[in-house]
Amino acid sequence: MKFNTSSQLLASLFVLAMLFAAGVGAQDGDVSAAGADSEQAVPVEPKALEEADQSSLDKKLKVIQDGQIDIKAIALRLEKTEGILQEVFQVRLDEAWTVLLSNVVSFSEQVADLRDAGYIVTDYEPEVISLLERITVASEKTVARHQGRIMVSDSSASPTEQAAADEEFFTFVRSARETYSALIDSTEVAARFEMDTSAEVEYLRTVVSEGTANLSAYLDMSMKKAAGLAAGKAAMPDDTDILARSRITDLRIRRLASEIELKLSSMKRLDLPTAQYEAQLLAATGEITASIFDLEVIAKFFGAWSQSVVDYLTLKGPGFLFQVLIFFIIVYVFSKIAKLVQKALNHAMDHSSVKVSELLRRMISSSSKNLILLIGILIALSQLGITLGPLLAGLGIAGFIVGFALQDSLSNFASGMMILLYRPFDVGDTIEAAATRGRVSAMSLVNTTILTFDNQSLIVPNNQIWQNVIRNVTAQTQLRVDMTFGITYDEDIDRVEKLLLELVAADPRVLKDPEPVVKVGSFGDSSVNLLCRPWVKTDDYWEVFWDLNKVVKQAFDREGITIPFPQRDVHVFNDSVESAKAEPEKDQADGDRSGGLSA
């Protein structure tokens, strides 16, 4: 498919010709204007060119003349060759034109600058004007040479063929763009030499505008192609041909957007409107540039966006609204089903003969509810046209990432699962674990809440509980109360043992089976220690412990039984005091004898 051979190709060939003259124009317009103003303000005395400036101009003019000779030689070879060799000479010719135009621009600008500075350049001005006048004819030949060269790639071709065609396409487009820019420079240089460039400017406005419009249309077509390939990737994510075509199309979109953005600079220099293309670039690339703050660009962008929304709602709005309604109906129905299932499971576990821990009960109840609700949401999403395969794969990847980031939490989760399976304790049990003692008030798969006896809530990670010794105080229905009572060595042990057994038997909370035990436990420094070990129900442990201690003390006082406390006897001897007094006198006498000997 040709890329607008009557306008864009003429533009690209014309670009090369303008490159021939473009170098002259970029800076001369401003300089000549500034020079004219300065001459009006303060007359400048003409002065001869310095030797260095004259030598520089002569060298540049010689380079330009040599470049013209090279272009003619390449053009002659180009006419005599065919096939691939012809393409090679064509590229060389384009490169030679680019170098020549750059040299012409540099030469023309230097002449204009020296003239505006008051130097006499009459020997070089005719040469500059002659070069600028020949640009129009040369540019027409250049545009003619470009005709038929800019070809868009065939979308039905293989990815490799499309990549090769795109490379050739963007090579020619870049050459044409550089030619446009050079031609604009040449018109600005010509204006500094008071040359009439209105026809050239109007021609440039036409070809630049048409060239940008053609690239814009190609960008729209490529974006639609990319959308189709994206749908194909979603349906067949492993298809290598679709993936290759998608990559080539995405690269083509980026390169087209880049070329259009560069062309917009030429359009702005020619006072052409660019808001439409800037809005298209924003939609195509999503990159926010300074142009987005232009109100006209914003209006164009949101105008196109709102129109696309209106078109979508007009065509697919009713069907989409119906799908959304079905989505909410499915979610609502499954939420009700989930609650009913949860209620049924709770009722079944309440009336089951199998003892189930509170943690397991909660996990089964909540997991069943959440699982049913998740199934309902996935079914509802499928009604909106969302493919569940990639979604589930994405959830799996996200789960892996989250799991890697939450290793400690997963360790607590694993410990919670071990507690769930082995059931060392349950909600309501009194335990000692992780240096904490209290009643378990709540459990989850991550942590356990323990209510201490002074009414403090401690949230302990399951990992710390499972990796340490767990003491379940209330795991058994019966507990032994261990108490120790001390009596003096002079007391009748049999009488005290009988009294303790009577006191224990008098308490109705003490169990008859196993029988309570009262025995001599140990001999202390000042007491004989009797062990009293009655058995009680777990719920009565502390009440019996406290009450028996009180009853035993009152009975001991009533029966005259003494509970000894530690005592220590201190003996003082008088002779030790007298010897302590005599010791200083002895030390004094020894001192006197030693002093006499030394003297």
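Trainee: Of the 599 residues of the protein chain, what percentage count as buried?

Mentor: This is a predicted model, and in it 36% of the 599 residues of the protein chain count as buried. The accessible surface of the chain comes to about 35100 Å², and 58% of that surface belongs to carbon and sulfur atoms.

Trainee: How many helices and how many strands does the protein chain have?

Mentor: The chain has 17 helices and ten strands. Among contacts between residues at least 6 apart in sequence, 74% join residues that are at least 24 apart.

Trainee: How many aromatic pairs are there, and how do I read one?

Mentor: The general idea is to look at the distance between ring centres and then at the angle between the planes, where an angle over 60 degrees counts as edge-to-face and one under 30 degrees as stacked. Here the count comes to ten aromatic pairs. Phe169 and Phe170 form an edge-to-face pair, with 5.1 Å from centre to centre and 85 degrees between the planes, and both residues are buried.

Trainee: Why is the pair of Tyr541 and Phe545 called stacked?

Mentor: Their ring centres are 6.5 Å apart and their planes stand at 5 degrees, so the pair is stacked. Tyr541 and Phe545 are about one helical turn apart, because they are four residues apart in helix 16 (residues 541-559). Tyr541 is buried, with a relative accessible area of 19%, whereas Phe545, at 22%, counts as partly exposed. Together with Trp542 and Trp546, these two residues form one aromatic cluster.

Trainee: Which charged residues lie over the rings of Tyr119 and Phe193?

Mentor: Lys47 lies over the face of Tyr119, at 4.6 Å from the ring centre, and the charged end of Arg115 sits over the ring of Phe193, 4.8 Å from its centre.

Conventions: Residues are numbered from 1 along each chain as its sequence is written. This is a predicted model: local features need pLDDT of at least 70, side-chain atom pairs count only at pLDDT 80 or more; totals for chains, interfaces and linings use all residues. Side-chain values use heavy atoms; hydrogens and water are left out. Helices (H or I, at least four residues) and strands (E, at least two) are DSSP runs, numbered from the N terminus. Buried means under 20% relative accessible area, exposed over 50%, partly exposed in between (1.4 Å probe, protein chains only). Contact means heavy atoms within 4.5 Å. Accessible areas come from the Shrake-Rupley method with a 1.4 Å probe; for residues, only the protein chains shown count as cover. Rings of Phe, Tyr and Trp (its six-membered ring) pair if their centres lie within 6.5 Å; planes under 30 degrees apart count as stacked, over 60 as edge-to-face and the rest as tilted. A charge sits over a ring if NZ of Lys or CZ of Arg is within 6 Å of the ring centre and within 35 degrees of the ring normal.
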